[in-house]
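Here's a quick briefing for anyone opening this structure for the first time.

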Amino acid sequence: MDEKKNKIDFLTVFMSILLTITTASTGWFGYRNILLLEENEQLLSTQKELEEEAEVRERAYIEAQNSINELNNELRSEREELQIILSELQEERNRNEDFEDQIRNLAGTVGTLDRLAQTDRELLQKYSRTFFLNENYRPAQLTQIPQRWVMPGRQDQYFLPEAWPFLEDMLKKAERDGHDLRIISAFRSFDEQVDLKSQFLRQYGTGANTFSADQGFSEHQLGTAIDIVDLKTGATEERFSQTEAYEWLKNNAHRYGFILSYPPDNDYYIYEPWHWRFVGRKLASDLNRRNMYFYDMDQREINTYLIYLFD
Ligand SMILES: [Zn+2]
């Protein structure tokens, strides 16, 4: 009987334990299940939040993309406009430059014409026994040549003011090179010339016609011709051609715009080594380079040098 009771007790205990274990495990699993459910819910809400956020971001991205596209389009059209403005500006600039060129050319032409109009054409004229300057001709202005360059004992001498600086430079350079050039005669008025000629005529008779009184006549009346003497040797007239001073002039006068009007064996007049005429540096240098004399050149060609006369 005891044995049976023991069996039942044991069974009861066992069942109780089993029940307890079952209950406990059910409770634990249930609890765990609840935790899992909660976690799942949390995950779901997080997922939803993330999805919403992603949606927001995508919208923002699309908006930004649209803005960028819009800005790009604006930029492109602005750039195109700018390009148009730039090309218009360039065209305008080109037009202005053309215009400026035209103005400049016009001004240059006017300047040239002005200079030509202001330059006395007589200053480059060839004169002859038959073609003299008008007796009333007189340079607009005359400047007195400083006494130090005039042959002692001679009266005051005058020269064309615009040509004087060239003559002065030449006299100074000759002096530096050891030659004492002095002026015997420069500007001579028509009346002075007539007096001189009658003096020659009284002295030499009609033979005087071939002298300087005739041929240098008009050139001296211009105020741009000089008769020169070598102070060192006192050599005048034809003897002047024997001097070193004359050699110096032959080699250098063209640099200062002076030419020998009547060279030896010329077809027109007697040789006048003392008589030099200012015709401008360009013409004098070109004549020298071409080994040519002023009176050999065609008057039309000479006239083209008028514009360079005082350069
Ligand atoms: Zn002379």
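Domain bounds here come from an automatic or database domain assignment. On that basis, the protein chain splits into domain 1 (1-118) and domain 2 (121-308). Keep in mind that this is a predicted model: local features need pLDDT of at least 70, side-chain atom pairs count only at pLDDT 80 or more, and totals for chains, interfaces and linings use all residues. Residues are numbered from 1 along each chain as its sequence is written.

**Layout and confidence**

- The centres of domain 1 and domain 2, taken over C-alpha atoms, sit 99 Å apart.
- The predictor's confidence in each residue is its pLDDT, on a scale from 0 to 100; the protein chain has a mean of 87, with 93% of its residues at 70 or more.
- Residues 208-213 have a pLDDT below 50, and this stretch has 14 contacts in the model beyond near neighbours in sequence. Two residues count as in contact if their C-beta atoms, placed from the backbone, lie within 7 Å.

**Helix H6 and what covers it**

- Helices (H or I, at least four residues) and strands (E, at least two) are DSSP runs, numbered from the N terminus.
- A residue is buried if 20 or more other C-beta atoms lie within 10 Å of its own, exposed if 12 or fewer, and partly exposed in between, with C-beta atoms placed from the backbone.
- In helix H6 (residues 244-252), the buried residues are Ala245, Tyr246 and Leu249. Seen down the axis of H6, they fall within an arc of 100°, so they line one face of the helix; that arc is taken from the directions from the helix axis to the C-beta atoms.
- Glu247 and Asn251 are exposed, on the face of H6 turned away from its buried side.
- Among the elements covering the buried residues of H6 are helix H2 (164-176), strand E3 (181-185), strand E4 (225-230) and strand E6 (275-278).

**Strand E6 and its partners**

- Two strands pair if DSSP finds at least two bridges between them. E4 and E6 run antiparallel and are joined by three bridges, with Ile226 partnering Trp276.
- E5 (258-260) also pairs with E6 in the antiparallel sense, over three bridges, and here Leu260 stands opposite Trp276.
- His275 and Arg277 point one way from E6, Trp276 and Phe278 point the other way, and all are buried.

**The nonpolar core**

- A nonpolar core is a set of buried Ala, Val, Leu, Ile, Met, Phe, Trp, Tyr and Cys residues joined through C-beta atoms within 7 Å.
- The largest one has 39 residues, of which Phe159, Leu167, Met170, Phe258, Ile259 and Trp276 touch the most other members. H2, E4, H6, E5, E6 and H7 each supply at least two residues, and the largest share, six residues, comes from H2.

**Two loop residues to look up**

- Ala253 lies in the loop between H6 and E5, and counts as buried because it has 22 C-beta neighbours inside 10 Å. Leaving out residues up to four places away in sequence, Ala253 touches Met170, Phe258, Ile259 and Trp276.
- Ala253 and Met170 are 83 residues apart in sequence, yet 7.0 Å apart in space, C-alpha to C-alpha.
- Asn291 is in the loop between helix H7 (281-289) and helix H8 (299-303). Asn291 counts as exposed because it has 7 C-beta neighbours inside 10 Å. Asn291 isn't a glycine, but has a positive phi of about 55°.
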